[in-house]
Amino acid sequence: NPAAERTFGYRRQEVLGRPMAEAIIPPSLRERHREGFARLLETGEQRILGQRLELTGMRADGSEFPVELAITRVDMPGQPSFTGYLRDITDRVRAENDLRESVELLRQTTRQRQLLLSRLQDAQERERQRIAEDIHDDSLQVMTALGLRLDAMCMAATDEQQRAELERMAETVRQCIRRLRHLLFELRPTVLDRHGLAAALQLHLEEMAAENGIQADLVNRLIEEPSEGIRTTLYR
């Protein structure tokens with residue numbers, strides 16, 4: 001029919017009387033086609049009848065393309081007859097392939113994004129750790145030494161007004177030390193590395209309660225401790 005002429009590129013007169021396998025079935029599939037029909041005619045085994053099959057067709061110029069095929073048997077006297085309903089599914093297959101490629105590209109993009117975020121987080125944590133170490137090894141030590149010096153001066157002072165002033169200065173230094181220790185905890189809580197995620201969260205909740213009175217209960221149902229990267233991400 002005209003639709004078949006458009007699909008396969010043959011004129012009607014070119015294919016009438018020719019075996020179908022030689023006209024529209026690729027050479028690599030012809031033997032399987034012949035075997036399948038021979039088995040059907042000999043045994044009646046119907047593997048392909050009444051089903052929608054996705055196969056490969058061949059045009060007059062030898063190019064191959066995907067088709068959807070449904071074959072039914074026509075009950076008529078004489079030799080067995082069959083009718084085939086065929087549809088070119090090139091556009092559908094192309095769209096499916098494009099969709100698979102898009103999904104794979106999305107997966108790759110997601111993996112790259114996750115890798116980038118992981119590297120960014122690692123860089124942030126290294127910088128936090130560097131700052132924390134600088135505060136601990138320098139600023140905190142200096143402030144602690146200053147506090148000890150002021151305590152000693154308070155004990156040695158004989159003038160009450162002078163002693164009161166030194167005590168106020170010492171209290172200011174102690175407040176600075178507490179703030180530095182709190183900053184250290186915010187930058188990189190050592191309990192997270194030493195005792196794990198649950199312990200770090202519990203300590204954080206306790207500090208939160210002490211600061212603003214918000215109470216919270218932590219229930220730990222972890223079966224195993226997460227890896228360092230995941231543990232840090234969850235904590236943050």
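Thr90 counts as buried because its relative accessibility is 18%, and buried here means under 20% relative accessible area, with over 50% called exposed and anything in between partly exposed (1.4 Å probe, protein chains only). This is a predicted model, in which local features need pLDDT of at least 70 and side-chain atom pairs count only at pLDDT 80 or more, while totals for chains, interfaces and linings use all residues. Residues are numbered from 1 along each chain as its sequence is written, and side-chain values use heavy atoms, with hydrogens and water left out.

Helices (H or I, at least four residues) and strands (E, at least two) are DSSP runs, numbered from the N terminus. Glu104 counts as partly exposed because its relative accessibility is 31%. From Glu104 to Pro26 you go 78 residues in sequence and 31 Å in space, C-alpha to C-alpha.

Now move along to helix H6, residues 160-187. At its start, a side-chain oxygen of Asp159 comes to within 3.0 Å of the backbone nitrogen of Gln161. Buried residues in H6 include Leu166, Ala170, Val173 and Ile177, and the cover over the buried residues of H6 includes helices H5 (90-156), H7 (190-195), H8 (197-212) and H9 (228-235).

H8 passes the length check as well: its 16 residues should span 22 Å, and its end C-alpha atoms are 22 Å apart. Leu197, Ala198, Ala200, Leu205 and Ala209 are buried in H8, and the buried residues of H8 pack against H6, H7 and H9. Just after H8, Gly213 takes a positive phi of about 80°.

What about the open spaces? On a 1 Å grid over the protein atoms alone, a pocket is an open set of points where a 1.4 Å probe fits, with protein on both sides within 12 Å along at least five of seven lines, and lining residues have an atom within 4 Å of a point. The largest pocket holds about 1500 Å³ of space; grid points are joined across faces, edges and corners, and a volume is the space filled by probe spheres set on the points. Its lining has 47 residues, with Met20, Ile24, Ile25, His33 and Leu69 nearest the centre. H4 gives the largest share of that lining, nine residues.

The second largest pocket has about 280 Å³ of space. Its lining has 14 residues, and those nearest its centre are Leu184, Phe185, Arg188, Pro189 and Thr190. H5, H6, H7 and H8 each give two or more residues to this lining, with the largest share, four residues, coming from H5.

Definitions and conventions. The expected span of a helix is 1.5 Å times one less than its number of residues. Contact means heavy atoms within 4.5 Å. A polar contact is a pair of N or O atoms within 3.5 Å; within protein, one must be able to donate a hydrogen and the other to accept it, and residues adjacent in sequence count only if both atoms are side-chain atoms.
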